[in-house]
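Could you set the model beside this note while reading? The points are meant to be checked against the coordinates one at a time.

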Amino acid sequence: MAHVSVSRLESLLESAQLLHASLDLDNLLKHLLRTVMGRLLVTRAVIAIDVGDGLRVAMARGVTDAPVGSRFDAARASALGLPQQMPIGLTPAVGLLATAPPARPIVDEEERGFFEALLGIAATGISNAHSHAQATRLNRDLDRKIQELRTLMELGRAFSRVSEVEEVARIFGLTLAGQWMATRYAIAVCRDTFGTVSRQQGVKLPPLSTYMDALHHLPEASLVSDLQDGDLRALFEAHKLHVVFSLRSGEQVCGFAALGARPGGQTYASADLELGAGMAAQAVVAFDNCWHLREMLDKKQYEKELAVAAGIQQGLFPATLPDLDGFDVAAMNRPAQQVGGDYYDVLTLTDGVSPACLFCVADVSGKGLAASLLMSTIQATLRALLGREDSLAELACRTNELLFATTPGSKYATAALVMAHPATGECRYVSGGHTETLLLRASGERIWMGATGVPLGLFPGMTWEELSFTLGAGDVLVLYSDGVSEAQTAVFDEFGPERLADIVERERAQPASAIIDAIVAAIDAFVEGAPQFDDITLMVIKRI
C-alpha cells in the first residue's frame, strides 16, 4: 500500500472502527457509500456484492436503473454512467463499488492507498456481516425447526390421549388454526365403514362426498391458488381458504385440511407447507388408530353376539335323540363358521295307530348369521306343523308357503324329510332339492334317493312327490348335507357320495355313532387340512 498521511490514517482508523462496529450489512454499506461519495464528491454510486451467483446490487444512491438484487458488473456500471470502479477487497473481490465521475479525482498514490485500505477493511466487514447473517439465519431456522418439532411432539401426545375420530379432528383443527392464527379452517375425513367426520370454523363447505373424487389428485400440501383442479380450486377460493393439506392413509386419500388467510397479510411459505404436511401425516395416523380401535371393538361386539347366537343355535339341535325301538340313530353337525345354516332334528309323534318319527336334515342357502336365523325359522315351522298335516308331502307344502311368506326371495332351504314307523320300518320320503339320500340295504345294494321337488321357500304354490320304502333289518339310511359330499381338498377335489357309501358299507356293522365318526375322520383325512368351506351335517339311521 502506498504511503498514507497521518490525517488519512486517522480517517481510515475512524472508518475501520465504524465498519467493524456493526455486523449489520446494511449499516456497513451505508457508511462505506457515505465515506466514498463524500471523499470523491459524487451523487451517484452503486455497491454490488458477490452473493454466490455473481455480483448483485446491494445498495445504490442516485441510480434508479439499478434495483437491489439485480445483476451488476463492470459493463453494467459503465452503461449506467459509473466509470469509477473499485474492487472491494483483494482477489477474489467480495464486491464492486462504482461511482459517477468524481468531482475530485484520485490524483495521487496516497489517495489511492487510502481507498484500497478502506475497501480492504470494508471487504473484511462485509465478509463478517455475511457470516453473521448466515449464522443468524441458521440459528433462526434451527429455532424454527425446534419449535416445529415441539409442535409435532405436543400434537402427537394430544392425539395419543384420544380414541375418537371426532376428537382427533377437533384437536387437529385447533392446532392448525393456532399455529398460523387463522380464523377459518375446514377438516373433513371419511372411512367407508364409519362415514364422514367434518369440522369447520368460519366455513360451510358442501358434503365431502360431492368432491371426494377430486381429492385423489390433491398434492400433499399446496397453496389453493396453485391447485391444478379448477373445480377444487374454485371451491376452496369461494370459501376463502388459502392452503390445503391432503390426508392420505397409505395411497388412499381419506380427506383434507384447509386454512384461511393469515393475519396481517402474511403468506404461507414453503416451510409452513412442510410443517402442515407433517401435522397432517400425524393426524392421519391418529385417525387410522381410532378407526382400527373402533373396528376391533365392533368386531369384539360382533363376535360376542355371534357366540351368543351360536349358543342359541346349538340349543335348537336336539340335546339327545329319542330312543326308538328297532332303530339305532345318531347325528352330528359341524358348522364351517361360528354359526351355520345346517339343521337336523328327530321328532316323534303318534301317526294313526303306531308311533312315528320324523327325521330331518336341512341346508339353508348361504352361511353365517343370516343362514342360522333361517335355520331357526325352519325348526320352529316343522315343530309347529308336525302332526297337523295328513301327509309328508303336505307338510312340505305348508312349510314352503310359510317360509316363502316370511323370508327374502334369495333365502331358501333344501331338506330331506323321512317319516318312519319304528315298529314296521315303513318310511315315507320327501326331498326339497336336497342332496341324494343313501339307502344301503343289508344285501349291499345302494339306493340313491334324489329330490322329489324344489327347495323349500323358493317358490309359492309348489308340490312334492312322496316316496315310500321299508327299512329292513341291517339296512342303513344316511341323510347328509352337501358339506359332506362336496368337502374339498386344496386343489378342489371333492369327497363325493361314492366315498361316503364305501365308508358306510365298510362300517355298517358298527353302531350309528361309530359310522358317523368314521365318515368325519375320512373327510378330514381326504381334505388334508384344507379349510372347511361348508357346514357338515350327518344323520345315520340303522334298522336293528
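1. Basis of the note. This is a predicted model, in which local features need pLDDT of at least 70 and side-chain atom pairs count only at pLDDT 80 or more, while totals for chains, interfaces and linings use all residues. Residues are numbered from 1 along each chain as its sequence is written, and side-chain values use heavy atoms, with hydrogens and water left out.

2. The α2–α4 pair. Helix α2 (residues 25–40) and helix α4 (residues 109–160) have axes that come within 10 Å and cross at roughly 170°, which makes α2 roughly antiparallel to α4. Axes here are lines fitted to C-alpha atoms, for helices over the stretch in contact, with angles running from 0 to 180 degrees between N-to-C directions; angles over 145 degrees count as roughly antiparallel. Helices (H or I, at least four residues) and strands (E, at least two) are DSSP runs, numbered from the N terminus.

3. Residues of that contact. With contact meaning heavy atoms within 4.5 Å, the α2 side includes Leu25, Leu28, Leu29 and Leu32, and the α4 side includes Phe114, Phe115, Leu118 and Leu119. The residues of this contact divide into 13 nonpolar, three polar and two charged, where Ala, Val, Leu, Ile, Met, Phe, Trp, Tyr, Cys and Pro count as nonpolar, Asp, Glu, Lys and Arg as charged, and the others, Gly among them, as polar.

4. The four-stranded sheet. An open, antiparallel sheet has the strand order β2-β1-β4-β3, two strands being paired if DSSP finds at least two bridges between them. Because β2 (55–61) and β3 (84–88) stand at the edges with a single partner strand each, one side of each is left without a neighbour in the sheet. The twist from one strand to the next averages 20°. Five bridges join β1 (residues 45–50) to β4 (residues 95–99) in the antiparallel sense, and Val46 stands opposite Ala98 in β4. Helix α2 packs on this sheet, touching β1, β2, β3 and β4, with its direction at about 60° to that of β2, whereas α4 touches β1, β3 and β4 and makes about 50° with β3.

5. The largest pocket. This pocket holds about 340 Å³ of space; on a 1 Å grid over the protein atoms alone, a pocket is an open set of points where a 1.4 Å probe fits, with protein on both sides within 12 Å along at least five of seven lines, and lining residues have an atom within 4 Å of a point. Grid points are joined across faces, edges and corners, and the volume is the space filled by probe spheres set on the points. Of its 16 lining residues, Met86, Pro87, Phe115, Glu116 and Leu119 are the closest to the centre. Helix α4 gives the largest share of the lining, seven residues.

6. The second largest pocket. About 180 Å³ of space lies here, and the closest to the centre among the 12 lining residues are Asp363, Val364, Ser365, Asp482 and Asp534. Its lining divides into two nonpolar, six polar and four charged residues, against 10 nonpolar, four polar and two charged in the largest pocket.

7. The five-stranded sheet. Here the order is β10-β19-β18-β15-β16, open and with antiparallel pairing. Strands β15 (residues 437–440) and β18 (residues 476–480) pair over three bridges, with Leu440 opposite Val476 in β18. Helix α12 (residues 497–507) lies across β15, β16, β18 and β19 (536–543), running at about 135° to β16.

Key:
Parallel < 35°, antiparallel > 145°, perpendicular 65-115°, else oblique.
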